[in-house]
Amino acid sequence: MAMTLTELNRLISRSIAEVPELRDVWVVAELSNVSGGKGTHWYMDLLEKDASGNNLARMKGMIWAQHSRAVNLKLYQATGVYFRDGIKVMVRGQVSFHPSFGMGFSIIDVEPSFTVGDMERIRREILEALRREGIIDRNKTLPIPTAPQRVAVISSEGAAGYGDFVHQLGDTPEGFVFYTKLFPARMQGKETAASVIAALDRIEATRDFWDVAVIIRGGGASSDLNGFDNLELARRVALSPIPIVVGIGHERDRTVLDEIAAVRCKTPTAVAAWLVDNLREALGRATEMTQMIVRLVQDRLTGDRRRLDNAASMVPVLAMKRLQSARADLSRITMRLPEAAARATSEARMKLDRIRLSAEAAAEKRIALGRGQLESLERLVAVLDPAATLKRGYSITRVNGHAVRNAADIPQGTEIETTLAEGKVKSTVL
């Protein structure tokens with residue numbers, strides 16, 4: 001005979017209740033869909049996931065009101081977090097099966113050290129991933145300006161920690177001036193990592209304006225800082241071209257960013273104090289160097305004055321010695337002058353005689369050469385003289401005073417004149 005569904009569920013419930021191992025058991029699970037409040041029942045899903053995040057198992061979980069406050073308080077005192085989505089817990093309880101609501105796990109106790117260890121495991125895994133990528137110390141190696149004053153700030157706009165930070169920077173006895181700009185971001189919850197990364201993007205777009213970038217968040221529950229234990233955010237901070245200074249939570253709090261940032265301060269006000277101290281140290285060094293320069297200049301002036309006084313006292317003595325030396329040199333030169341002048345005159349005369357003799361010889365030679373050339377020209381002129389040609393029996397025929405070379409050029413009836421060695425003859429061409 002078939003059973004009703006109610007009868008089947010009651011049978012399952014009795015069967016589970018008869019198994020002693022299910023009445024008091026420790027279970028490890030991740031929490032999801034957590035809901036509840038003070039003095040009320042708490043409900044949630046208990047999950048087991050594989051390495052890829054896929055669900056391997058799921059069961060409803062609950063903490064009845066009589067246990068909820070004690071269990072939550074025990075977890076919070078150790079971890080700073082109440083039961084909430086996303087955390088892993090080790091809980092003690094019993095399996096039950098309700099005919100109407102199905103199977104569930106009723107929680108009566110929790111082991112906080114497991115949750116603490118899981119949070120620490122996540123941090124270690126992130127740091128190990130950065131170490132494998134070779135970037136874990138990248139931001140720490142960036143040079144930080146001696147006195148950073150241009151500060152890009154990532155924080156929540158209305159947060160008390162941001163207000164304390166700004167107040168401390170603006171209230172220094174020396175009247176230091178810092179140039180800050182807030183790049184607002186969500187500093188709590190699931191959106192923390194993405195929001196801070198977006199703020200870093202905006203800062204790096206104007207990177208030349210900033211000496212450092214600071215990430216600050218005031219105190220609170222440790223669980224509120226879990227958003228900073230994120231691999232993508234950690235990688236982004238490690239690779240930032242701007243030195244990152246972090247001041248997150250209380251002194252006891254420590255996130256992944258504390259391990260990889262260029263500078264780690266315990267709180268937002270500690271970041272402000274670090275900036276002020278840097279500027280104060282720079283001012284002290286500048287003041288000390290200024291005083292040292294003044295002392296060196298004064299010492300140099302004192303020494304120069306002393307040397308100048310010594311030099312001034314030596315001027316008359318040195319001038320007298322120089323004058324005496326010059327007089328002695330002049331006397332020696334004066335004594336040597338007649339002899340040197342006579343020797344120079346004698347040498348000049350000898351040189352002049354050589355020049356005169358050489359000039360005379362050259363002139364005579366030139367004159368003789370010129371006479372020979374002139375005689376040759378005279379003989380050549382005599383040979384080329386037309387009179388000499390006429391004496392050898394030749395004649396010159398002219399028409400109107402112009403010599404005629406071609407008979408064809410003389411028309412019939414033209415009067416011509418013929419010049420002979422002795423006399424001239426006029427003729428008419430027939």
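Aspartate 277 is partly exposed, with a relative accessible area of 35% (buried is under 20%, exposed over 50%, partly exposed in between, using a 1.4 Å probe and protein chains only). Its side chain meets that of arginine 280 in a salt bridge, 3.4 Å from N to O. The model is predicted: local features need pLDDT of at least 70, side-chain atom pairs count only at pLDDT 80 or more, and totals for chains, interfaces and linings use all residues. Residues are numbered from 1 along each chain as its sequence is written, and side-chain values use heavy atoms, with hydrogens and water left out.

**Salt bridges**

- The structure holds 22 salt bridges. Each one is a side-chain nitrogen of Lys or Arg within 4 Å of a carboxyl oxygen of Asp or Glu.
- Arginine 280 also pairs with glutamate 174, where the closest N and O atoms are 2.6 Å apart.
- That pair links distant parts of the chain, 106 residues apart. Glutamate 174 sits in the loop between helix 4 (160-170) and strand 7 (179-184), and arginine 280 in helix 8. Helices (H or I, at least four residues) and strands (E, at least two) are DSSP runs, numbered from the N terminus.
- Glutamate 174 counts as partly exposed, at 35% relative accessibility. Arginine 280 is partly exposed too, with a relative accessible area of 32%.
- Arginine 280 and aspartate 277 are separated by about one helical turn, because they are three residues apart in helix 8.
- Arginine 343 and glutamate 339 form another salt bridge, with the closest N and O atoms 3.5 Å apart. Both lie in helix 8, four residues apart, about one turn of the helix.
- An α-helix has 3.6 residues a turn, so residues three or four places apart point the same way.
- Arginine 343 is partly exposed at 44%. Glutamate 339 counts as exposed at 55%.

**Nonpolar cores**

- The largest nonpolar core has 33 residues. Such a core is a set of buried Ala, Val, Leu, Ile, Met, Phe, Trp, Tyr and Cys residues joined through side-chain atoms within 4.5 Å.
- Ile154, Val196, Ile215, Phe228, Leu233, Leu257 and Ile260 touch the most other members of this core.
- At least two residues each come from helix 3 (112-133), strand 6 (150-155), helix 5 (192-204), strand 8, helix 6, strand 9 (244-248) and helix 7 (256-260).
- Helix 5 gives the most to this core, with six residues.
- A second, separate core of 22 residues includes Val151, Val245, Ala262 and Ala272.
- Leucine 257 touches Ile215, Phe228, Leu233, Ala234, Val237, Val246 and Ile248, leaving out residues up to four places away in sequence. Contact means heavy atoms within 4.5 Å.
- In helix 6, the buried residues include Leu233, Ala234, Arg235, Val237 and Ala238.

**Buried aspartates and polar contacts**

- Aspartate 229 lies in the loop between strand 8 (212-217) and helix 6 (231-238). It counts as buried, at 13% relative accessibility.
- The side chain of aspartate 229 makes a polar contact with the side chain of arginine 123 at 2.8 Å. A polar contact is a pair of N or O atoms within 3.5 Å; within protein, one must be able to donate a hydrogen and the other to accept it, and residues adjacent in sequence count only if both atoms are side-chain atoms.
- A polar atom of the aspartate 229 side chain also lies 2.9 Å from the backbone nitrogen of valine 256.
- Beyond neighbours within four places in sequence, aspartate 229 is in contact with Ile122, Arg123, Ile126, Thr255 and Val256.
- Aspartate 258, found in helix 7, counts as buried at 4% relative accessibility. Its side chain reaches the backbone nitrogen of threonine 255 at 2.7 Å.
- At the start of helix 6, a side-chain oxygen of asparagine 230 comes within 3.0 Å of the backbone nitrogen of glutamate 232.

**Surface patch**

- Leu374, Leu377, Leu380, Val383 and Leu384 form a nonpolar patch on the surface, with about 510 Å² of accessible area together. Accessible areas come from the Shrake-Rupley method with a 1.4 Å probe; for residues, only the protein chains shown count as cover.
- Patches are made of residues with over 30% relative accessible area and no salt bridge; like charges are joined within 9 Å, nonpolar side chains (Val, Leu, Ile, Met, Phe, Trp, Tyr) within 5 Å.
- Leucine 380 lies in helix 8 (residues 268-384). Leucine 380 is partly exposed, at 46%.
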